[in-house]
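Me: I'm new to this one. Could you walk me through how two chains sit against each other?

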Amino acid sequence: MLKASIDIDLLRDSITALSVIVSEVRLKIKPDGISVKAVDAANVAMVIFDLKAGAFDSYTAEETEVGIDLVKLNDILGIVEKKTLVDMELDMTAQKLHLNFGGLSYTLSLLDPSTIRSEPRVPQLDLPARVVLNGQDLKRAVKAAEKISDHMTLGVAGDIFFMEAKGDTDQVRLEMGTDQLIDLKSGEANSLFSLDYLLDIIKSAGKANEVTLSIGCDFPILIEFDVAPNACHVTFLLAPRIESD
Amino acid sequence: MLKASIDIDLLRDSITALSVIVSEVRLKIKPDGISVKAVDAANVAMVIFDLKAGAFDSYTAEETEVGIDLVKLNDILGIVEKKTLVDMELDMTAQKLHLNFGGLSYTLSLLDPSTIRSEPRVPQLDLPARVVLNGQDLKRAVKAAEKISDHMTLGVAGDIFFMEAKGDTDQVRLEMGTDQLIDLKSGEANSLFSLDYLLDIIKSAGKANEVTLSIGCDFPILIEFDVAPNACHVTFLLAPRIESD
Amino acid sequence: MLKASIDIDLLRDSITALSVIVSEVRLKIKPDGISVKAVDAANVAMVIFDLKAGAFDSYTAEETEVGIDLVKLNDILGIVEKKTLVDMELDMTAQKLHLNFGGLSYTLSLLDPSTIRSEPRVPQLDLPARVVLNGQDLKRAVKAAEKISDHMTLGVAGDIFFMEAKGDTDQVRLEMGTDQLIDLKSGEANSLFSLDYLLDIIKSAGKANEVTLSIGCDFPILIEFDVAPNACHVTFLLAPRIESD
């Protein structure tokens, strides 16, 4: 059971963040909110998504699990005008999700959750370095790296957080000290990541005021941020690439 | 003979509405304005176009008929800046239409009207229901329907006007009561139309404050609106599709 | 040796103007500024580019020549935010150009100048007519001509500057008298040029307040303008086409 109302912009941003690495998800609906854990088909990236009941204008739910086609949902939400309130109601008997916005009602068929990859186990990682920075700064470095390579290094050296990409002949590097970062926990960290995934992730993370990166040496990275403060929290876990040079 | 001046925005909107279903037209020029009746190549849609003499800043014409390539005309009008006045002059001897805007003169060769499909006979339709709504509302429903199907139903049930599209699994529906409509004449009406054509038509109709739909049961629909009030009136007549499910 | 700072918008506009006809250039660096002379692969167009030391916020240079990949440079400058100051430093030992903007450092490998076509000899042309007009007016006429042909005539007849393009059936013509031009030196001039090149050139020239055209009869045209007043001056020399009708 789910009956809820939510602002379209918050819903759209949440669904966008979630759909970065998967196109179909199992939504775990509970009285205190909606959550998702999912991995991409290549087992390279994981998303842990948490949309709290408090993010909704109204929210009543009993515990259940439903399968959702994020592509279809994204597509239809794209035509809703800003500031509209979206009413959602789950019809478990008919296996439908009803969406209502501005007089338009849209009925989305649920997917059978058993056809969707089950929730992954989230690994316990002990990552030595932690960096908190503005999403825009992360986005800028990833966009610059894209110009010359298909992978980039993120790391911490002393009190400096750095991002670096190397092409065949050219190189781009961003260094940020503690005065430019929101927070830094120093530790040995230096890992290489695929830009394909980072480019997808910064679509959402780039809008966040604070993005927290937890980094190790040739270890997965955790990229955490609020889509909306105290309302929707997303964590991406991205596996490292083997050093290519 | 034709010698006239018209505001570029009005001319551009008029030509755009007209070119929705045909790329070459016979313009019927008369002392009281310019009119067109044309059907598309598939005989599914008809446009009845009426640009009144009063829409022009100045207008002098004798009765004549000319063939115009709307694609070329649209193309050249696309580069004219907003608020410019366009001077038009027909040279029947040379078979040219001269356009002047902001110091630039453009000479468009006329087409031989006999090479263009002749004016269709406009059928007399006795359509039971009539709905007047804002162009934006029509546009929104058509755009939503496009997300899940290639055809949509328009109809009236009691005092409710509805639009509905069904995909393989999903469904979108808009219902509007008399409080949301500008006007409603109730009557049994329920017909299915191709979204290809509706999507083209709402490019123009979506901008109109008032769009009048006349609907029957498995009957053609009339979609009427003013491109500019008291200046340019357009009617589309669209044939229904046979119910596909 | 080169160590300089420059506003990103000025650098971007300069590089854009320069990259209109060539993708790799020999930059001639001197204490008083940076200059380039280059011809396109087809030997149809030449660019003479002059970025003065005064255009920079700071500039120190010794005479040298370096090869630059303009496509890569344009690409990376595209992500820099407006109003940013770009620091440039040449490392001749490592054959690198270091760019720094907003904390991001980008290292571009230099090309071996000997692999790039050497500087062309600039022909001495005695062109009878000279027209100074607003870049926007030139752009508008070129854009209109593009709609109907792939080449256009530029010329002067008496006190009138004209641009004209003829399609198979249609024609576009712009005439400007001395009251619409910034300056006119009358002289017999009438030459045909490829729109491919003119369309590229107006990307930069269209933004200039003053563009000077020097025209002859079936002779090359000189198109001169400031990318930034007293800072960056560009001259294009474009060979005429043989009259095609």
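Predicted model: local features only at pLDDT ≥ 70, side-chain atom pairs only at ≥ 80, totals over all residues.

Me: How many residues of chain A and chain B are in contact?

Reply: On chain A it's 15 residues, and they contact 13 residues of chain B. Together the two chains bury about 1200 Å², with 49% of it on carbon and sulfur atoms.

Me: And how many salt bridges are there across the interface of chain A and chain B?

Reply: The rule finds 2 salt bridges there. In a salt bridge between B:K147 and A:D75, the side chains meet at 3.3 Å, N to O. The interface also has 10 residue pairs in polar contact.

Me: Which elements of chain A give two or more residues to the side that touches chain B?

Reply: Those are α2 (70-77), β8 (96-101) and β9 (104-109) of chain A. The largest share, 6 residues, comes from β9(A). By type, that side of chain A has 6 nonpolar, 5 polar and 4 charged residues.

Me: Which strand of chain B is joined to β9(A), and do they run parallel or antiparallel?

Reply: It's β13 (residues 171-176) of chain B; 4 bridges join the two strands, which run antiparallel. To see one bridge, find A:L104: its partner in β13(B) is B:L174.

Definitions and conventions
Residues numbered from 1 in each chain as written. Chains lettered and ligands numbered in written order. Heavy atoms only, no water. Contact = heavy atoms within 4.5 Å. Buried area = accessible area lost by both parts, 1.4 Å probe. Salt bridge = Lys/Arg side-chain N within 4 Å of Asp/Glu carboxyl O. Polar contact = N/O pair within 3.5 Å; in protein donor to acceptor, adjacent residues only side chain to side chain. Nonpolar A, V, L, I, M, F, W, Y, C, P; charged D, E, K, R; others polar. Pairing = 2+ DSSP bridges.
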